[in-house]
Amino acid sequence: MFTVFRTLLILTHFLYDLIIAIYNYCVLLHRKCTEIWHGENSRTEVEWLVRAASKTKKLPRHILIIFGAKQDTILDCVRIIGWCITLGIPYVSFFDINGFLVRNENFLKHEIAKRRPDLLDHISWGKPKTVFTQNGVTGKCSKLKIRVSLLCALDGKEEIVTLTRNLADAVLTGTIKSDEIDADLLNEKLNSRGIPDPDLGVIYGRLCSTYGALPWQTRITEFCMLPVHGNLSVKDFMCLLEKYNKCEQRYGK
């Protein structure tokens, strides 16, 4: 009996992968035919983005890109950053559970300087600068167009585990009372980067999973899947924005 169920499970996975592959091929074929029919091969990326922005009623303020199955992500990051700057999206975060981007931050900056030197003056990396006052902490708003954050597992579930451990120790030592721990305190502690929660999350891969990316900050994030079927194009990015534009965000209501 076990062998029968295992065979059925393998067959189900095979059929699912086959359907996904056929769907991705049909999407690529449809886009190619559209390009030939409308003569859209000559359109530049900027023209595509301007065209998409003119049709959308809302744009996300913060995009979270989750690289699941994809490993070679540097060039995708360069392209996405350029597209977000063109559209005026002020925050973009990249997450990979293995920490590849965090370890190769200098290489990413080098590729941007080599391929898109025009973007350098429009990018701010990491946490925003803050000013400490007697009334609390006041964040300085960057004059740059976009803030880029590179995230790994330490910024996801492990961050919540670490915060929970620290709060438990603080309660034991009497530094804080247990009834003082509420949602507002967690928001304050977990939002260490001083950036808004992501409006749009893009999962790059075949598996519909967030891979542990920012579980607290993505409670009301709209997620879209981007199947791995080739290099990320501006048309893929535009389709994601169109999907987001059609979503009705109720923010938990």
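Trainee: What makes the set around Ile-63, Ile-80, Val-92, Phe-94 and Phe-237 a nonpolar core?

Mentor: A nonpolar core is a set of buried Ala, Val, Leu, Ile, Met, Phe, Trp, Tyr and Cys residues joined through side-chain atoms within 4.5 Å. The largest one here has 38 residues, and those five have the most contacts inside it. Helix H3 (residues 74–87) gives the most to this core, with nine residues; helices are DSSP runs of H or I with at least four residues, strands are runs of E with at least two, and both are numbered from the N terminus. A second, separate core has seven residues, including Ile-66 and Phe-95.

Mentor: This is a predicted model, where local features need pLDDT of at least 70, side-chain atom pairs count only at pLDDT 80 or more, and totals for chains, interfaces and linings use all residues. Residues are numbered from 1 along each chain as its sequence is written, and side-chain values use heavy atoms, with hydrogens and water left out.

Trainee: Why is Met-238 called buried?

Mentor: Buried means under 20% relative accessible area, exposed over 50%, and partly exposed in between (1.4 Å probe, protein chains only). Met-238 has 8%, so it is buried. Its place is in helix H8 (residues 234–246).

Trainee: Which residues is Met-238 in contact with, leaving aside its neighbours within four places in sequence?

Mentor: Contact means heavy atoms within 4.5 Å, and Met-238 has such contacts with Trp-48 and Ala-52. The C-alpha atoms of Met-238 and Ala-53 are separated by 8.7 Å, although these residues are 185 apart along the chain.

Trainee: How many helices and strands does the protein chain have?

Mentor: The chain has eight helices and eight strands.
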